[in-house]
Amino acid sequence: MTPTFFIRTYGCQMNERDSEAVACLLETRGFHQVEGEDEADVLLFNTCSVRDQAERKVLGKLGLLKRLKRVKPHLVIGVLGCMAQRLGEEIPAKLPHVDLVVGTDQIQTLPDLLLAQLEERRPGVYLERSDASLPMLGLHAPGKISAFIAVMRGCNQGCSYCVVPEVRGREKSRPVTDIVEEATRLVAGGTQEIFLLGQNITAYGVAELRRAGTWNPELSPFADLLRAVCAVPGLRRVRFTSPHPNYMNAAFVRAVAELPRVCDHFHVPVQSGSDRILQAMKRNYTAAAYLERIRALREARPGAAFSTDVIVGFPGETDEDFAATRELMQTADFDMAYIFKYSPRPGTLAERQVDDVPQAVKKQRNEILLKDLDARSLAHNTARVGEDVEVLAEGPSLRNRERWSGRSSDNKNVIFTPEPGLEIGQLRQVRITRATSHSLFGDLLPE
Ligand code: SAH
Ligand code: SF4
Ligand code: F3S
């Protein structure tokens, strides 16, 4: 009988990509993926540790499964990913109905672990660091219009608040040839847009050059990778996340300027606009240096949209520090951002500082930034009315099935009425007639 599995993913796009690859690997080994938890012999949870709330959500979910396991004793429950790596043995100690805990560098062993578990029940915790997961990252289910490629794993930055370097390990980049081969395969299967992923993607290839003793800060192996991926015949769009400002050097900006397939949207996490807080966060740049990078990118790509990540309520963040963040966001003219309330993470440097900004103040600062963003995105979007924008058609809109949605190059959600014969994955012009802070609305133009 074919064993069935269900996989749920928490956290960032790197985790989504890992889950896709895990699902493909399991399919090739005779497992069958199902959409409902109830139908599955194996339940897998690919977890996130970045904030306390992210962990609590999964732990709550796992707690609820105790009853299910009692009525379905043959069920196998596996915890993967960042929280598995961080908590390890603590998970089955607290939740004995969890069978397998598999860390971020051990996902390639899952088929064997699951088969052993299904046959003879051999629970265990597998956290060893290794490079063995890199080759399986090339696995994809066919037919994705927009596909992720994980170009590297890990992070060497050591931002003082962040658990990612601990749970994901040291930076490791995949060879350009492997990535280009993967992109070529995806495009042959119908992929139009490729989203390159790495926690510190502008440092792609840097650790390897450092080890070889050939690194110099004027180089940008990531720019070389962008050039190679953009040269894949038939590929229409390339996006990437997340760049660290410190590696956005002239070579990188030049590549972006010269590669029209790179989309007009850049997500560049800033975290804070206060130099004092940036220093305490160990981000290694000032607000002015950050803004200079954005200015250079804007010059290279006039009309591009910018988004960011911000943490509010970092230890010691005063009203003045917060005002500096608010001002930087205005100057950079972001119209999209993820705002996070600081959450102390065990084992990080910042955890040694007192989490002294009250929850209510974090909440208030969060709301202020969200309100600013909403006003800016409404202004940006309204200015687009009357323009023709190129949209990658993604299919019926979630809210209204009569209409379709798609993304513009600058990452706006565009809603339009489809014409008969329109296919998912087509790149088409839409004339914008109306805008809200979240979306652009318009009419499809004839081909
Ligand atoms: N590698 C990416 C982001 C990784 S985590 C980058 O550096 O660009 C995604 C975001 O979560 C971070 O950008 C940061 O804004 C937020 N974050 C990380 N640790 C956090 C913490 N301890 N509390 C609150 N937000 C956090
Ligand atoms: Fe975390 Fe900083 Fe690395 Fe991003 S760059 S993953 S915030 S340590
Ligand atoms: Fe979370 Fe791990 Fe991503 S901690 S944000 S899932 S790298």
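I will start with ligand 1, where one of its oxygen atoms sits 2.6 Å from a side-chain N or O atom of Asp309. Bear in mind that this is a predicted model.

A polar backbone atom of Gln199 is 2.6 Å from a nitrogen atom of ligand 1, and for Ser343 the distance from a backbone N or O atom to a ligand nitrogen is 2.8 Å.

The shell around ligand 1 has 15 residues; Gln199, Pro269, Gln271, Asp309 and Ser343 come nearest. By class, 6 are nonpolar, 4 polar and 5 charged. Strand E13, 305–312, and strand E14, 336–341, each contribute at least two residues to that shell.

Three strands make an open, parallel sheet in the order E7-E10-E11. Strand E7, 146–150, and strand E11, 237–241, are the edges, each pairing on one side only. Ignoring direction, neighbouring strands are turned by 25 degrees against each other on average. E10, residues 193–197, pairs with E11 over 5 bridges, and Glu193 stands opposite Arg237 of E11.

Two helices to finish. Helix H1, residues 13–28, packs on the sheet and touches E7, E10 and E11, at about 95 degrees to E7. Helix H9, residues 221–230, lies across E10 and E11 and runs at about 150 degrees to E11.

Technical notes
Residues numbered from 1 in each chain as written. Chains lettered and ligands numbered in written order. Predicted model: local features only at pLDDT ≥ 70, side-chain atom pairs only at ≥ 80, totals over all residues. Heavy atoms only, no water. Near = heavy atom within 4 Å. Polar contact = N/O pair within 3.5 Å; in protein donor to acceptor, adjacent residues only side chain to side chain. Helix = DSSP H or I, 4+ residues; strand = E, 2+ residues; numbered from the N terminus. Nonpolar A, V, L, I, M, F, W, Y, C, P; charged D, E, K, R; others polar. Pairing = 2+ DSSP bridges. Axes fitted to C-alpha atoms, helices over the stretch in contact; angles between N-to-C directions. Contact = heavy atoms within 4.5 Å.
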